[in-house]
Amino acid sequence: MRLLQLSEGPRNFQALHLVSEYIKNNPTQRAVRLFYAHVLTRDKKYDMALDELAKMNELNPEDFDLLYFRAQVEYQAGNLKQAASYLSQYLAIQEQRREAVPDNRTTAQASVTDAYFLMAKVYEELGDYQKAIEQLALIDEPHVRNNVLTEQASLYIKLKQYTQAHALLEQIQPEDDEDAYVRALLMNATLSRERGEYELGLEYIERALKYYPNNLYILYSQAMVYENMGEINKAVALLEQILIDYPYESESYNGLGYVLADNNLRLDEAVVLIERALAMSPNSSHIQDS
């Protein structure tokens with residue numbers, strides 16, 4: 001297990017070879033084999049990971065959790081229909097467990113929740129957003145309700161069904177979960193911006209700031225709404241303050257640089273700011289876009 005944990009870098013091949021030899025001689029070591037499959041997946045060696053899980057399944061066909069692990073690997077490999085097939089088999093088994101034994105005596109409910117979340121991701125990747133929403137609606141675990149509502153709202157936004165998205169987000173209340181409530185406020189703010197309802201978007205952001213008054217991303221969202229409203233001086237002033245308060249964040253430089261460039265202001269300074277942001281986060285696609 002420690003060899004696998006330390007297997008990144010130039011000794012990766014040697015470590016994986018040693019572990020694979022160990023597995024040949026100790027095929028019943030389930031934890032080691034699962035972690036081996038995880039490392040192979042991490043390294044994008046999906047075929048090898050799936051082969052390992054298939055061999056484990058042959059050794060123990062009653063180990064139904066392997067269906068879920070295989071679905072995860074297939075999903076990461078981009079084999080979405082195969083992932084959905086494994087998840088369907090897994091869900092059928094877990095739902096049978098729930099029918100036979102109360103939820104408080106097994107882990108079946110949590111297992112079903114994870115599987116439906118992954119199934120929703122599969123359908124989202126396939127572009128079938130309505131089907132993804134339906135999968136999320138099948139989750140009945142109370143403590144993940146806010147996550148379900150947020151995910152469904154995101155999917156409705158992709159479908160441009162803004163009324164449904166807004167109605168779901170409004171169900172999330174601060175007394176249930178402050179973090180989820182603030183996320184819902186920010187999603188509603190983004191939704192309002194997309195619909196051109198800038199005053200309403202600003203109201204949502206101001207409500208979020210009451211909970212997290214110094215949050216970089218909430219302040220950044222506020223600046224973007226000011227820009228959308230045509231209040232460029234307010235946007236620039238806020239972004240300048242963000243840069244002072246958060247000098248080690250690439251978004252601080254990108255935000256100010258982008259708004260200056262977008263409004264044909266202080267262009268030499270905008271170039272410097274955006275280049276600094278890109279140096280800090282060279283793989284950021286939206287900074288490259290700036």
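Lysine 44 is placed in the loop between H3 and helix H4 (46–59), where helices (H or I, at least four residues) are DSSP runs numbered from the N terminus. The model is a predicted one, in which local features need pLDDT of at least 70 and side-chain atom pairs count only at pLDDT 80 or more, whereas totals for chains, interfaces and linings use all residues. Residues are numbered from 1 along each chain as its sequence is written, and side-chain values use heavy atoms, with hydrogens and water left out.

Most residues other than glycine have a negative phi.

Arginine 266 lies in the loop between H15 and H16.

Helix H3 (residues 30–42) and helix H5 (residues 65–77) have axes that come within 11 Å and cross at roughly 10°, the axes being lines fitted to C-alpha atoms over the stretch in contact and the angles running from 0 to 180 degrees between N-to-C directions. H3 is therefore roughly parallel to H5, a term for angles under 35 degrees. In this pairing Arg30, Leu34 and Thr41 of H3 meet Asp65, Leu66, Phe69, Val73 and Gln76 of H5, contact being defined as heavy atoms within 4.5 Å.

Helix H14 (residues 232–245) has 14 residues and spans 20 Å from its first C-alpha to its last, close to the 20 Å expected at 1.5 Å a residue, a value taken as 1.5 Å times one less than the number of residues. Its buried residues are Ile232, Ala235, Val236, Leu238, Leu239, Ile242 and Leu243. Because these residues cover an arc of only 165° around the axis, they are on the same side of H14, the arc being that of the directions from the helix axis to the C-beta atoms. Asn233 and Ile244, on the other side of H14, are exposed. The cover over the buried residues of H14 includes helix H13 (216–228), helix H15 (250–262) and helix H16 (267–280).

Arginine 97, in helix H6 (residues 80–100), is partly exposed at 30% relative accessible area. Leaving aside neighbours within four places in sequence, arginine 97 is in contact with Thr106, Thr107 and Ala108.

Key. Helices (H or I, at least four residues) and strands (E, at least two) are DSSP runs, numbered from the N terminus. Buried means under 20% relative accessible area, exposed over 50%, partly exposed in between (1.4 Å probe, protein chains only). Angles under 35 degrees count as roughly parallel, over 145 as roughly antiparallel, 65 to 115 as roughly perpendicular and the rest as oblique.
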